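Here are my notes on this one, jotted down as numbered points. Have the model open while you read.

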Amino acid sequence: MNTDIKSQNKDYFKHETAIVDEGCFIGVGTKIWHFSHIMSNCKMGENCNIGQNVVISPEVVLGNNVKVQNNVSIYTGVTCGDDVFLGPSMVFTNIVNPRSAICRREQYEKTHVGKGATIGANATIICGHNIGEYAFIGAGAVVTKEVPNYALVVGNPARQTGWMSEYGHRLHFNNDGFAVCPESQQRYRLENGNVTRL
């Protein structure tokens with residue numbers, strides 16, 4: 001295993017078939033696997049894992065401990081907070097009305113994925129719609145609007161069907177608006193359509 005030393009003398013692993021363009025900042029402990037392409041001026045935090053055949057377009061920003069599974073495309077305009085999980089073959093977009101013959105590079109829309117969010121395999125995120133912290137996007141979902149913190153959304157178009165804990169369990173709120181994660185025992189409150197961890 002060869003370790004490249006780049007990006008302001010921070011150590012990270014890059015497979016020999018991967019390409020990292022000039023001007024990228026890649027944090028300590030990050031791993032970039034087979035046939036992936038990290039394009040110019042990307043910023044990537046520490047301990048990220050970039051799977052096989054991933055394309056990260058110019059100026060994308062990823063936080064610490066972001067997991068990007070195989071065959072994911074992350075386009076310019078996307079930012080991800082810490083601890084985000086991007087499932088296999090999910091995709092972002094950055095233009096609402098793309099046409100091959102019309103250049104719209106100045107019209108890229110921004111999408112932010114909040115800390116701890118999960119986006120399932122084969123999901124599509126239509127640009128300009130932010131994903132809240134610890135939200136959970138089901139496999140194959142097509143997100144066409146903003147997703148609140150802790151929301152569980154599924155389907156095409158994606159619709160909210162519940163709430164998820166920070167450990168990835170469905171939350172069941174009692175009549176007083178309280179729920180407990182079965183794994184962590186963390187407590188949550190649902191009030192006025194918003195979930196907060198207590």
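**Notes on the chain**

1. Let's start with Val143, which sits in strand 20 (residues 142-143); strands here are DSSP runs of E, at least two residues, and helices are runs of H or I, at least four residues, numbered from the N terminus. Bear in mind that this is a predicted model, where local features need pLDDT of at least 70, side-chain atom pairs count only at pLDDT 80 or more, and totals for chains, interfaces and linings use all residues. Residues are numbered from 1 along each chain as its sequence is written, and side-chain values use heavy atoms, with hydrogens and water left out.

2. Val143 counts as buried because its relative accessibility is 1% (buried is under 20% relative accessible area, with a 1.4 Å probe and protein chains only). Beyond its neighbours within four places in sequence, Val143 has contacts that include Ile125, His129, Ile137 and Val153 (contact means heavy atoms within 4.5 Å).

3. Next, the whole chain: there are 0 helices and 25 strands. Its radius of gyration is 18 Å, close to the 16 Å from the globule rule for 198 residues, so the chain is as compact as a globular protein of that length (taken over C-alpha atoms; the rule is 2.2 Å times the number of residues to the power 0.38). The C-alpha atoms fill a box of roughly 55 × 40 × 25 Å along the principal axes.

4. Buried residues account for 42% of the 198 in the chain. Of the contacts between residues at least 6 apart in sequence, 14% join residues at least 24 apart.

How values were computed. Buried < 20%, exposed > 50% of the residue type's maximum accessible area, 1.4 Å probe, protein only.
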